[in-house]
Amino acid sequence: MSGIFVDSNVILDLFLDDPKWAQWSETTLEHYARHGRLYINPVVYSEISIGFERIEDLEQAVGTAGFQMVPILSEALFLAGKVFMTSRKRSGRKTSPLPDFFIGAQAAVLTLPLMTRDVARYRTYFPSLRLIHP
């Protein structure tokens with residue numbers, strides 16, 4: 001599998017026309033879309049749904065933007081749980097949302113680069129993951 005995995009914050013920048021990040025997200029997505037596929041998983045889909053009133057509009061936006069949904073693999077679910085527990089042991093409490101672990105684990109298991117603006121979190125818990133970031 002080749003391409004990149006895209007974090008929800010990058011997609012929301014585009015769909016919600018974020019004044020600070022929309023231009024970077026659009027330019028970077030267009031660049032990588034020319035060289036391979038753009039992947040999301042059900043967690044990203046759920047997170048980006050906040051920008052839409054109707055599922056039909058979300059489906060059209062995802063399709064038009066060229067995102068391909070991949071199921072969350074059991075290996076990624078297992079890794080997300082382990083990394084989440086490591087996070088809790090380090091801090092004694094939940095410091096990162098579990099969905100971010102599902103996203104990072106999915107990219108790691110698929111060995112795809114992850115496009116995100118949450119660099120520190122992914123570098124901390126997925127140090128071998130190649131990140132595409134501002």
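# Chat on a predicted model

Reader: How much of the protein is buried?
Author: Of the 134 residues in the protein, 40% are buried. This is a predicted model.

Reader: What is the radius of gyration, against what a compact globule would have?
Author: The protein has 14 Å, and a compact globule with 134 residues would have a value near 14 Å, so the two agree. Along the principal axes, the C-alpha atoms fill a box of roughly 40 × 30 × 30 Å.

Reader: And the accessible surface?
Author: About 7,300 Å². Carbon and sulfur atoms account for 53% of that surface.

Reader: What share of the contacts with a separation of 6 or more comes from residues 24 or more positions apart?
Author: 69% of them.

Reader: Ok, secondary structure. How many helices and strands?
Author: There are 7 helices and 5 strands. From the N terminus, the order of elements is β-α-α-β-α-α-β-α-α-β-α-β.

Reader: What order do the strands take in the sheet?
Author: S3-S2-S1-S4-S5, in an open sheet of 5 strands with parallel pairing.

Reader: Which strands stand at the edges?
Author: S3 and strand S5 (131-132) do. Each has a single partner strand, so one side of each has no neighbour in the sheet.

Reader: How many bridges join S2 to S3?
Author: 3 bridges, and the two strands run parallel. Tyr39 has Gln68 in S3 as its bridge partner.

Reader: What about S1 and S2?
Author: Strand S1 (residues 3-6) is also joined to S2 by 3 bridges, again in parallel. Here Phe5 has Tyr39 in S2 as its bridge partner.

Reader: Switching to helices. Which residues of H4 are buried?
Author: In helix H4 (residues 55-65) the buried residues are Leu58, Ala61 and Val62. They sit on the same side of H4, because they cover an arc of only 95 degrees around the axis.

Reader: Why would residues spaced like that line up?
Author: An α-helix has 3.6 residues a turn, so residues three or four places apart point the same way.

Reader: What is on the other side of H4?
Author: Gln60 and Thr64 are there, and both are exposed.

Reader: And what covers the buried residues of H4?
Author: The cover includes helix H1 (8-15), strand S2 (37-40), helix H3 (42-48) and strand S3 (67-69).

Reader: Which residue follows H4?
Author: Gly66 follows H4, with a positive phi near 85 degrees.

Reader: Aromatics next. How many pairs?
Author: The count comes to 5 aromatic pairs. One of them is Phe84 with Phe101: the ring centres are 5.7 Å apart and the planes are at 70 degrees, so this pair is edge-to-face.

Reader: Where do Phe84 and Phe101 sit in the chain?
Author: Phe84 is in helix H5 (residues 74-91) and Phe101 is in helix H6 (residues 98-110), 17 residues apart, so the pair links distant parts of the chain. Both residues are buried.

Reader: How do the rings of Phe101 and Tyr125 pair?
Author: Edge-to-face, because their centres are 5.3 Å apart with the planes at 80 degrees. Phe101 lies in helix H6 and Tyr125 in helix H7 (residues 119-125), so this pair ties together parts 24 residues apart in sequence. Tyr125 is buried, as is Phe101.

Reader: Which residues make up the aromatic cluster?
Author: Phe84, Phe101 and Tyr125 form one cluster.

Reader: Staying in helix H6, is Asp100 buried or exposed?
Author: Asp100, which is found in helix H6, is buried, with a relative accessible area of 6%.

Reader: What does Asp100 touch?
Author: Not counting residues up to four places away in sequence, Asp100 touches Asp118, Arg121 and Tyr122.

Reader: And Pro99, how accessible is that?
Author: Pro99 is also placed in helix H6. Its relative accessibility is 28%, so Pro99 counts as partly exposed.

Reader: What is Pro99 in contact with?
Author: Val43 and Glu47, leaving aside neighbours within four places in sequence.

Reader: How far is Pro99 from His31?
Author: The C-alpha atoms of Pro99 and His31 are 26 Å apart in space, and the two residues are 68 residues apart in sequence.

Note on methods:
Residues numbered from 1 in each chain as written. Predicted model: local features only at pLDDT ≥ 70, side-chain atom pairs only at ≥ 80, totals over all residues. Heavy atoms only, no water. Buried < 20%, exposed > 50% of the residue type's maximum accessible area, 1.4 Å probe, protein only. Helix = DSSP H or I, 4+ residues; strand = E, 2+ residues; numbered from the N terminus. Arc of directions from axis to C-beta. Contact = heavy atoms within 4.5 Å. Phe/Tyr/Trp six-rings, centres within 6.5 Å; stacked < 30°, edge-to-face > 60°. Rg over C-alpha atoms; globule rule 2.2 N^0.38 Å. Areas by Shrake-Rupley, 256 points an atom, 1.4 Å probe, with all protein chains shown as cover. Pairing = 2+ DSSP bridges.
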